[in-house]
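Please look at the sequence and the model before reading on. The notes below go through them point by point.

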Amino acid sequence: MKARPFQFIDVPRRMPRELPAKVRVLGWQEIHAGFDADGAAEQGARCLDCGNPYCEWKCPVHNPIPDWLALVREGRLFEAAELAHSTNPLPEVCGRVCPQDRLCEGDCTLHTGFEAVTIGSIEKYIVDEAFRQGWRPDLSAVRASGRRVAIIGAGPAGLACADRLARAGIEAHVFDRHAQVGGLLSYGIPAFKLEKSVMDVRRQVLEGMGVRFHLGVDVDAALGAELLRDHDALFLGTGATTPVDAGLPGQALAGVLSALPFLVANARRQRGEKYEGDVAFALAGRRVLVLGGGDTAMDCVRSAVRLGAAQVTCAYRRGEADMPGSAREVKYARAEGVQFLFHRQPVAIEGNGAVTGVRLAATRAGSGRAGSLELVPGSEETIAADVVIQSFGFRASPAPWWQGIGIELDPRGHVATRGPAGATSHPKVFAGGDNVRGADLVVTAVFDGREAGNAIARQLLQMGSENINV
Ligand code: SF4
């Protein structure tokens with residue numbers, strides 16, 4: 001397709017076809033189809049090539065967005081896929097799950113006045129279609145270095161690290177307790193945002209690059225010591241999975257769930273794996289109340305709708321504009337029938353053996369520091385619920401044995417790193433993603449894994465062997 005200057009004036013922003021809410025809640029498939037070549041080229045051609053690509057700077061992995069949009073417009077798909085992978089080891093994942101409205105698209109020059117280019121959907125198109133047509137990363141010039149690195153955690157940080165190591169000729173061995181790769185990409189994010197076949201394809205691609213997966217393996221102190229001894233370096237990418245405990249009275253009542261175990265159990269159920277917590281699937285016809293306002297809370301409310309809940313409500317202590325997740329997810333949830341209660345803080349979960357409701361108090365701006373909240377006296381009311389899902393965020397969950405090998409933690413309990421490449425207090429150990437940052441975005445974990453992989457490769461390929469087994 002030929003470039004036409006100012007095409008954005010005549011061609012409106014268009015997303016790929018969206019399943020109507022009434023239809024999509026009947027299943028778990030992704031709610032957007034993909035672009036075809038013409039659709040991607042047309043939308044890519046809306047890029048103004050403004051010369052100062054704020055989108056690129058706002059993107060946490062600094063994708064060369066205008067460059068791959070131009071390649072898509074010219075039909076040079078494989079070159080676009082190559083370029084997309086130069087900065088992003090998991091572009092098809094980020095194209096699906098990034099909150100683009102807060103990142104690249106939110107900073108697109110066209111965002112004010114003409115609506116942003118559909119960057120995420122085009123990124124997804126590039127890689128899905130290139131894979132479908134048989135494109136694979138070309139490692140034919142890579143020579144094996146004889147180095148080996150163990151990666152604990154097959155989530156976004158671990159996979160991104162493995163990708164960079166494989167490209168440097170370093171054998172990457174990825175260990176994960178789950179039966180499939182992806183970590184929360186496979187077991188946390190529901191299929192209506194990221195279909196699990198996407199991770200199956202990515203696994204095949206990485207295996208084709210020489211990455212070795214050791215799945216269903218819990219790395220304990222003994223195995224950790226072995227990995228450290230037998231590998232030239234170790235990368236810790238285990239995420240943040242410890243729920244923040246709000247300490248609400250009544251949270252031990254039957255029917256009170258924690259967001260992540262609920263989502264994991266549902267993903268396991270869909271994959272035909274063993275799962276715990278039958279109540280998670282006894283939602284049909286029940287009143288479900290989700291406490292919290294982030295993207296994980298949105299994953300819970302939208303999952304509850306698909307599990308047949310009669311009524312799904314989300315209570316959040318601040319206003320809609322203050323929600324920490326993507327506004328797009330809130331819009332989708334609302335279209336799927338979710339009710340929202342803003343400026344409401346839970347003060348107790350009520351019930352007798354099993355939950356019957358949650359006492360909520362109204363909030364307003366506090367008189368203390370900026371952003372503080374206070375409860376409005378006399379505003380408490382009970383909202384009836386049969387199932388309550390708590391989604392107050394997650395903290396890093398470092399394994400107890402890490403400190404035994406000299407890995408320092410910061411005061412929040414996250415792995416303490418030195419510099420952006422994830423070096424830790426142990427010279428052979430690197431870390432990145434949520435176990436360093438606390439719960440954050442998939443794309444920031446990808447960035448950390450990429451940077452750590454590059455740093456490990458530099459360290460191993462420049463050192464003499466006598467320096468490596470520290
Ligand atoms: Fe946008 Fe995320 Fe892709 Fe970056 S990685 S271009 S922020 S969708």
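1. Buried means a relative accessible area under 20%, exposed means over 50%, and partly exposed is what lies in between, with a 1.4 Å probe and protein chains only. Because its relative accessibility is 19%, Trp28 counts as buried. This is a predicted model, in which local features need pLDDT of at least 70, side-chain atom pairs count only at pLDDT 80 or more, and totals for chains, interfaces and linings use all residues. Residues are numbered from 1 along each chain as its sequence is written, and side-chain values use heavy atoms, with hydrogens and water left out.

2. Where does Trp28 sit? Its place is the loop between helix 2 (21–24) and helix 3. Helices (H or I, at least four residues) and strands (E, at least two) are DSSP runs, numbered from the N terminus. With neighbours within four places in sequence left aside, the contacts of Trp28 (contact means heavy atoms within 4.5 Å) include Pro190, Ala191, Phe192, Arg269, Arg306 and Leu307. Trp28 and Ala40 are twelve residues apart in sequence, and their C-alpha atoms are 25 Å apart in space.

3. Pro137 is found in the loop between helix 8 and strand 1. This proline counts as buried because its relative accessibility is 11%. Apart from neighbours within four places in sequence, Pro137 is in contact with Arg167, Val205 and Met209. From Pro137 to Gly155 there are 18 residues in sequence and 20 Å in space, C-alpha to C-alpha.

4. Now consider the ligand. Which residues come nearest to the ligand? Of the 13 residues around the ligand, the nearest are Cys59, Cys98, Gln100, Cys104 and Glu123; a residue is near a molecule or strand if one of its heavy atoms lies within 4 Å of it. The shell divides into nine nonpolar residues, three polar and one charged. In this count Ala, Val, Leu, Ile, Met, Phe, Trp, Tyr, Cys and Pro are nonpolar, Asp, Glu, Lys and Arg are charged, and the others, Gly among them, are polar. Cys98 has a relative accessibility of 10%, so Cys98 counts as buried.

5. How many disulfides does a search of the whole structure find? The search finds zero, where a disulfide is a pair of cysteine sulfur atoms within 2.5 Å. Cys314 counts as buried because its relative accessibility is 0%.

6. Asp386 lies in the loop between strand 13 (381–384) and strand 14 (387–390) and counts as buried at 17% relative accessibility. The side chain of Asp386 reaches the backbone nitrogen of Arg287 at 2.8 Å. This is a polar contact: a pair of N or O atoms within 3.5 Å, where within protein one must be able to donate a hydrogen and the other to accept it, and residues adjacent in sequence count only if both atoms are side-chain atoms. Beyond four places in sequence, Asp386 is in contact with Gly255, Arg286, Arg287 and Val355.

7. The other aspartate, Asp448, belongs to helix 18 (residues 442–462). Asp448 is buried, with a relative accessible area of 8%. The backbone nitrogen of Gly433 is reached by the side chain of Asp448 at 2.9 Å. Not counting residues up to four places away in sequence, Asp448 touches Gly432, Gly433 and Arg437.

8. In helix 12 (residues 221–230), the buried residues are Leu223, Gly224, Leu227 and Leu228. Seen down the axis of helix 12, these fall within an arc of 140 degrees, so they line one face of the helix; the arc is that of the directions from the helix axis to the C-beta atoms. The face turned away from the buried side of helix 12 carries the exposed residues Ala222 and Arg229. Among the elements that cover the buried residues of helix 12 are strand 1 (148–152), strand 4 (233–236) and helix 16 (400–404).

9. Asp49 is not a glycine, yet its phi is positive, about 50 degrees. Asp49 is in the loop between helix 3 (37–44) and helix 4 (54–58) and is exposed, with a relative accessible area of 58%.
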